[in-house]
Amino acid sequence: MRHTRPLTLLAFAAVGLALGFVLEVALASAGQPVLIPPYTLTITLVAAAAIVVVLAIPIARALRGRSTTRINPFRAMRTVVLAKASSLVGSLIAGLSAGIVIFLVTRPVIADVGSIWPGIAAAISGVALLVAGLVAERLCTLPPDEPDDAAGAGAA
């Protein structure tokens, strides 16, 4: 499995940004109330970020030889997939929340500050989940094979 590419993360953030902005414009033009992310979303994203990193730490210790406990390879693979999914979802939510904030800030009538802060908090927590996913993905990466072993085997 390859590491998450920065271009993929930027694409997810751009799609989220466009989706958040267009959704808010559509709701406002239809006379419906605009979406404001709840603070519970922020708390949930930060908790998920912490859980992803905590799940990756034992795998990193086993890979680096600092722990004698054997790690189930299926558990390691699930953790890597969770880390990758977390980085993608974090990027998408950060973009979506940024789109909401941009809509609220660019309106002709300035929105209440109480409406803007939840969007900013959700965008920051989305970035936190993105970073936690990338860190956990790097923690679960196998170190490169030693080139000395390949050269020694060929010479023998």
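The model is predicted, with local features needing pLDDT of at least 70 and side-chain atom pairs pLDDT 80 or more, while totals for chains, interfaces and linings use all residues. Residues are numbered from 1 along each chain as its sequence is written, and side-chain values use heavy atoms, with hydrogens and water left out.

Helix 3 has 34 residues, which at 1.5 Å a residue should span 50 Å, and its end C-alpha atoms are 49 Å apart, so the two agree. The expected span is 1.5 Å times one less than the number of residues. Helices here are DSSP runs (H or I, at least four residues), numbered from the N terminus.

Now for the rings. The whole structure holds one aromatic pair. The ring centres of Phe21 and Phe103 are 5.9 Å apart with planes at 75 degrees, so this is an edge-to-face pair. The cut-offs: centres within 6.5 Å make a pair, with planes under 30 degrees apart stacked, over 60 edge-to-face and the rest tilted. Because Phe21 sits in helix 1 (residues 6–29) and Phe103 in helix 3 (residues 73–106), the pair ties together parts 82 residues apart in sequence.

Accessibility is summarised below (buried is under 20% relative accessible area, exposed over 50%, partly exposed in between, with a 1.4 Å probe and protein chains only).

| Residue | Relative accessible area | Class |
|---|---|---|
| Phe21 | 30% | partly exposed |
| Phe103 | 8% | buried |
| Val131 | 43% | partly exposed |
| Ala11 | 38% | partly exposed |

Two of these residues also come with C-alpha distances. Ala11, in helix 1, is 8.7 Å from Leu92, C-alpha to C-alpha, though they are 81 residues apart in sequence. Val131 belongs to helix 4 (residues 113–139), and its C-alpha atom is 8.8 Å from that of Ser86, 45 residues away along the chain.

Definitions and conventions
Rings of Phe, Tyr and Trp (its six-membered ring) pair if their centres lie within 6.5 Å; planes under 30 degrees apart count as stacked, over 60 as edge-to-face and the rest as tilted. Helices (H or I, at least four residues) and strands (E, at least two) are DSSP runs, numbered from the N terminus.
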